[in-house]
Amino acid sequence: MSDPQRTERPTPKRLREARERGELPRSRELASAVVVGTGVLLLMAAGPGIAARSASWLKRALQPDAALLDDPQRLLAWAGTLFAQGFLIVLPLLVAGLVAAIVGPLLLGGWNFSVKALRFDAGKINPITGLGRVFSSQALVELGKGVIKSALLGALAATFLWRHRDGFLALVRMDTAAGIGDGLALALDALLWLAGGLLVIAAIDAPYQWFASLKRLRMTRQEVRDEFKQAEGSPEVKGRIRRLQAERSRRRMIAAVPGADVVVVNPTHYAVALKYDAPKMRAPRVVAKGIDEVALAIREAARNAKVAIVEAPPLARALYRSAALDAEIPVGLYAAVAQVLTYVYQLRQYAAGHGATPGTRPAPPSQPDLGEVPDGQPDE
C-alpha cells in the first residue's frame, strides 16, 4: 500500500520523469476492446464480400482438378495460389487488427519511447523481489480483475450459445455456401457480444489504471518542497549569488573611479564619480556611485588616483537618487555639474602651470527637488 503521507498530487516534473522511465498508465483491457471492436466493425462493413470470397475459395479448395493429382509440380503451384488467395481474403482483417493493436494502447498514456525502460534491471530477475510482486496488493487486484473478466465473458458466452443453439445445430444441415454465410453471421454476433463485454471491462479498467498510476506517483509535502527548491533555487544560494553579483558590480565601479574627472560627495554618506569627454559624450556620465561603505571606497579610490573630490551635499544627493549608473546625468543638473567641472578643469590647468590661480570654488546653484531620498538611506 502507498505511504499514507503521500497526499500531494505529482508535479509536472515527477510526471515527466515517470514518462522517461516508461511508467505510463496502460490498460490491456482497453487495447483488447479496441482490437476486437475494430474487427467487428470491419466485418459488419465488408462481411458480405468476405463471405462470398470465402465460399468461392473453400469450394475451390475442396474441389480440386483431378489432373492435379497426377502432376506434383502443378499441385504445388495450385496450393501456393490457393494460399495467396486465402491470405488476400483475410488481409484486411490482419491490417485492421495490426493498426488497432498499435493504436489501442496509445489511447491511455499516449505514445512514449523510453530508453531507460530498455536498460537491464537486476531487480526484475531477483527472486525475492519477484515474490514480493506476486504477493503484492497490485497482484491481488490483477487477480481479482482476471476472475471478474473470466466470469463476465464466460456468462456472455454461455448466454450467447444458449440463445443461438438452434442456429448452430442448423449449420450441419445446410449446403456449403449457406453454411458459410450463416456461420459468419453467427461469428459476427459472437464477436459483437465479446466486444460489448470487453468494452464494459475497459470502461472500468482504464479509469482505474489512470488513477492507480497517479496514486503511485503521489508525493509527500517534503518532496514537493524539495523539488520547488531545486526548480527555483534555495534562498541561501540565491542570496549568495546576489551578494556575489553586488560585489562584482562594486569592484567594477571602484575600478572606474580613477578614470573619472570628479567625485562629488556630501561629504561622508554619498559619493558620485562623474566623467565627461566633450568629443564623445553629450553630457557627463555617472561611472560610480554609492552610500556609506561604498561611498568611502569611492573616495579612497579617488584619493589614490588623485581624482578631484568636491564637497557639494545637495548635488551629491541629487545625483545619487536621480542619475543612473553608466548613464548621463539629468538635464536639471547640467548647470550645477558644469560649475563643478569648470572649477576642476581650472585646478588642472593651474597644476600644470598653464592657468591663473583659481579662485574659491563657486557654490552650485540650488537645484529643483528631484525626489525624496529612498527609505533607509542616510541624508545630511
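The following questions and answers concern a predicted model and treat its paired strands and salt bridges in turn.

Visitor: Is strand 3 (residues 285-291) largely enclosed or exposed?
Guide: Strand 3 has seven residues, and six of them are buried. A residue counts as buried under 20% relative accessible area. With six of seven below that limit, strand 3 is therefore largely enclosed by the rest of the structure.

Visitor: How many bridges join strand 2 (residues 270-275) to strand 3?
Guide: Strand 2 and strand 3 run antiparallel. The number of bridges joining them is six.

Visitor: Which residue of strand 3 is the bridge partner of Ala273?
Guide: Strand 2 covers residues 270-275 and is joined by bridges to strand 3. In strand 3, the partner of Ala273 is Ala288.

Visitor: How many salt bridges does the structure hold?
Guide: A salt bridge requires a side-chain nitrogen of Lys or Arg within 4 Å of a carboxyl oxygen of Asp or Glu. By this criterion, the structure holds five.

Visitor: How many residues apart are Glu29 and Lys149?
Guide: The side chains of Glu29 and Lys149 meet in a salt bridge, with N to O at 2.9 Å. Glu29 belongs to helix 2 (residues 28-62) and Lys149 to helix 5 (residues 137-163), so that the pair links distant parts of the chain. Their separation in residues is 120.

Visitor: Does Glu29 count as buried or exposed?
Guide: The relative accessibility of Glu29 is 11%, and the limit for burial is under 20%.

Visitor: In which helix do Arg251 and Glu247 both lie?
Guide: Arg251 forms a salt bridge with Glu247, their closest N and O atoms being 3.6 Å apart. Arg251 has a relative accessible area of 47% and is partly exposed, and Glu247, at 34%, is also partly exposed. The two are four residues apart, about one turn of the helix, and both lie in helix 9.

Visitor: What parts does the pair of Glu328 and Arg282 tie together?
Guide: Glu328 forms a salt bridge with Arg282, the closest N and O atoms being 2.9 Å apart. Glu328 lies in the loop between helix 11 and helix 12, and Arg282 in the loop between strand 2 and strand 3, so the pair ties together parts whose separation in sequence is 46 residues.

Definitions and conventions
Residues numbered from 1 in each chain as written. Predicted model: local features only at pLDDT ≥ 70, side-chain atom pairs only at ≥ 80, totals over all residues. Heavy atoms only, no water. Buried < 20%, exposed > 50% of the residue type's maximum accessible area, 1.4 Å probe, protein only. Pairing = 2+ DSSP bridges.
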